[in-house]
Amino acid sequence: MERLQEIRRRIDEIDDAIAELLIKRMKYARQAKAEKIRMKMPVTDLQREKEVVARWRAHARRANNEVSEDLLRRIAELVTEYTRMEELKEEKEMERETE
């Protein structure tokens with residue numbers, strides 16, 4: 001039982017690290033959005049999203065079946081989709097404030 005508790009503690013630590021990294025990722029995504037606006041570029045960049053998903057899938061392939069490519073693809077798609085939705089939501093809120 002002690003070994004199981006130790007394994008679960010390590011899993012919890014990894015989950016905490018993943019959550020912290022996602023928080024950090026959203027912070028940088030907001031900074032990237034601000035930079036795109038400053039540069040008068042479109043906020044949404046579907047090509048970049050495809051590159052992110054491809055990079056996550058490549059991680060899975062290098063992991064020798066420790067994690068499925070489909071799982072990492074789905075997570076990457078979820079993260080990029082959520083980021084895009086947040087960016088667009090913020091953009092709509094800013095538009096309403098200027099009306």
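The model is predicted, and the structure holds 11 salt bridges. Helix H2 covers residues 46-62, while helix H1 spans residues 2-38 and helix H3 spans residues 69-98.

**Helix H2 and its ends**

- Helix H2 has 17 residues, and the distance from its first C-alpha to its last is 25 Å, which is close to the 24 Å expected at 1.5 Å a residue.
- At the start of H2, a side-chain oxygen of Asp 45 comes to within 3.3 Å of the backbone nitrogen of Gln 47.
- After H2 comes Asn 64, a residue whose phi is positive, near 50°.

- Glu 49 counts as buried because its relative accessibility is 15%, and buried means under 20%.
- Leaving aside residues up to four places away in sequence, Glu 49 touches Thr 44, Thr 80 and Arg 84.
- Lys 50, which is also placed in helix H2, is exposed, because its relative accessible area is 58% and the cut-off for exposed is over 50%.
- Although Lys 50 and Thr 80 are 30 residues apart in sequence, their C-alpha atoms are 9.1 Å apart in space.

**Salt bridges**

- Side chains of opposite charge can pair when their charged atoms come close.
- Arg 9 and Glu 13 form a salt bridge through their side chains, with a distance of 2.0 Å from N to O.
- Because Arg 9 and Glu 13 are 4 residues apart in helix H1, about one helical turn separates them.
- Both partners are partly exposed, Arg 9 at 36% relative accessibility and Glu 13 with a relative accessible area of 44%.
- Arg 73 and Glu 77 make a salt bridge in which the closest N and O atoms are 2.8 Å apart.
- Arg 73 and Glu 77 both belong to helix H3, where they are 4 residues apart, or about one turn of the helix.
- Arg 73 is partly exposed with a relative accessible area of 23%, and Glu 77 counts as partly exposed at 34% relative accessibility.
- Elsewhere, salt bridges that share partners join Glu 6, Arg 9, Arg 10 and Glu 13 into one network.
- Glu 69 forms a salt bridge with Arg 61, and here the closest N and O atoms are 2.9 Å apart.
- Glu 69 is itself partly exposed, with a relative accessible area of 24%.

**A buried glutamate without a salt bridge**

- Glu 87 lies in helix H3, and this residue is buried yet has no salt bridge.
- When residues up to four places away in sequence are not counted, Glu 87 touches Ala 29, Lys 33, Lys 36 and Val 43.

Conventions:
Residues numbered from 1 in each chain as written. Predicted model: local features only at pLDDT ≥ 70, side-chain atom pairs only at ≥ 80, totals over all residues. Heavy atoms only, no water. Helix = DSSP H or I, 4+ residues; strand = E, 2+ residues; numbered from the N terminus. Expected span 1.5 Å × (residues − 1). Polar contact = N/O pair within 3.5 Å; in protein donor to acceptor, adjacent residues only side chain to side chain. Buried < 20%, exposed > 50% of the residue type's maximum accessible area, 1.4 Å probe, protein only. Lys, Arg positive; Asp, Glu negative; His and termini not counted. Salt bridge = Lys/Arg side-chain N within 4 Å of Asp/Glu carboxyl O. Contact = heavy atoms within 4.5 Å.
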